[in-house]
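This report describes selected side-chain features of the structure shown below. Each section takes up one kind of feature.

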Amino acid sequence: LIFNQKQCYKIKTFDLSKLRDGEWIKLELKSAELLKLFTELNKYYEIFERYGIRRGETDFVVTPKNVKFVILSFLQNPENFAKLQDLRIEDLKKLNLISSVNSLKNMLAVWQENKDNKDEDFWQEFFKQNSWLIAQVFSFPVVLFRDKAYVGGKSIENIGGNIVDFIYKSGFTDNILIVEIKTPTTSLLGSEYRDGAFCLSSDIGGAVSQILNYKHQIQQNYFSLKEATPENFRVFEPKCMVVVGRIESELSTENKKRSFTLLRSDSRYVEIVSFDELFKKVEMLVNLLER
């Protein structure tokens, strides 16, 4: 007999050593039972690998070093979610806030480590994973619609074609916004023209020309693209934005700051935003939340 606190079970046992040659027994485990067996065993293996075998009862204290392991272990057991019901709404809000602040800080850490990263693919993937970072620039709610999107331009021989980095879409009008990503190391200004006046760099000039061509292509091919796209979208004079360069490292003089500000303000169809401006907003948000 096996007893627990609530009831007792009568277990019928069989001594396997009494089996004769040619005799056998069948042990059946359903898939759900087998999954539970391995899941529970895995918990004990993790504890054994981390702490070994200790005699008696042991109390474990949550510290900054093991808090990540404790939280992950808690979340891996679905039965623990019911225990969250015992928490107050205020406690859950604090957990959500702490999680949000830490995510933002991790984003700032990535920025600090990659200010000189010249790999466009790295930034493409980063902004894809953190699409809200670009979305916050616009004055109305938008969501990421497509990344690496084809907007037209192929010839009859099926060569060429234009691929834009990101297409966002308004949450209310379905109108799209086109975003092109460069790198933080891309130059903002070219050489001095005269009397302290600077022109935009050839890189920015090329990026502006490129994104305007994307805009032209998607307007020209709208009906064929829409027919091949399951989700609805519109192209009512789409806004364009280029994320490029770093103001803090390049605009070191008043003349450079003035030239860049005037030229950017005069860019009617394409908004130019620097990398450090985007992450400065994240830093301000962290400061606000922590207060």
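Predicted model: local features only at pLDDT ≥ 70, side-chain atom pairs only at ≥ 80, totals over all residues.

## Aromatic pairs and cluster

A pair of aromatic rings is described by the distance of the centres and the angle of the planes. The structure contains 16 aromatic pairs. In the pair formed by Phe126 and Phe279, the ring centres are 5.9 Å apart and the planes stand at 40°, so the pair is classed as tilted. Because Phe126 is in helix H4 (residues 120-129) and Phe279 is in helix H10 (residues 275-290), this pair ties together parts that are 153 residues apart in sequence. Phe126 counts as buried at 10% relative accessibility, and Phe279 is likewise buried, at 2%.

Phe126 and Phe279 also belong to an aromatic cluster, whose other members are Trp111, Phe122, Trp123, Phe127 and Phe275. Elsewhere, a charge sits over a ring: the charged end of Arg146 is placed over the ring of Phe145, at 4.6 Å from the ring centre.

## Salt bridges

Side chains of opposite charge can pair when their charged atoms come close. The structure holds 11 salt bridges. One of them joins Lys182 and Glu180, with an N to O distance of 3.8 Å; both residues are buried.

A second salt bridge is formed by Glu237 and Lys215, whose closest N and O atoms are 2.3 Å apart. Glu237 is in strand S8 (residues 234-243) and Lys215 is in helix H6 (residues 202-220), so the bridge ties together parts that are 22 residues apart in sequence. The two partners fall into separate accessibility classes: Glu237 is partly exposed, with a relative accessible area of 47%, whereas Lys215 counts as buried at 6%.

Arg246 and Glu248 form a further salt bridge, in which the closest N and O atoms are 3.7 Å apart. Arg246 is buried, with a relative accessible area of 11%, while Glu248 counts as partly exposed at 47%. This pair is part of a network of salt bridges that also includes Lys115 and Asp116.

## A buried polar contact

Ser274 is located in the loop between strand S9 (270-273) and helix H10. The relative accessible area of Ser274 is 0%, so this residue is buried. The side chain of Ser274 makes a polar contact of 2.5 Å with the side chain of Asp276.

## Positive phi angles in loops

Asp174 has a phi near 70°, a positive value in a residue other than glycine. The residue is found in the loop between strand S4 (163-170) and strand S5 (175-181).

Asp195, which is not a glycine either, has a positive phi of about 50°. Asp195 occupies the loop between strand S6 (189-194) and strand S7 (197-200). Its relative accessible area is 74%, so Asp195 is exposed.

How values were computed
Residues numbered from 1 in each chain as written. Heavy atoms only, no water. Phe/Tyr/Trp six-rings, centres within 6.5 Å; stacked < 30°, edge-to-face > 60°. Helix = DSSP H or I, 4+ residues; strand = E, 2+ residues; numbered from the N terminus. Buried < 20%, exposed > 50% of the residue type's maximum accessible area, 1.4 Å probe, protein only. Lys NZ or Arg CZ within 6 Å of the ring centre and 35° of its normal. Polar contact = N/O pair within 3.5 Å; in protein donor to acceptor, adjacent residues only side chain to side chain. Salt bridge = Lys/Arg side-chain N within 4 Å of Asp/Glu carboxyl O.
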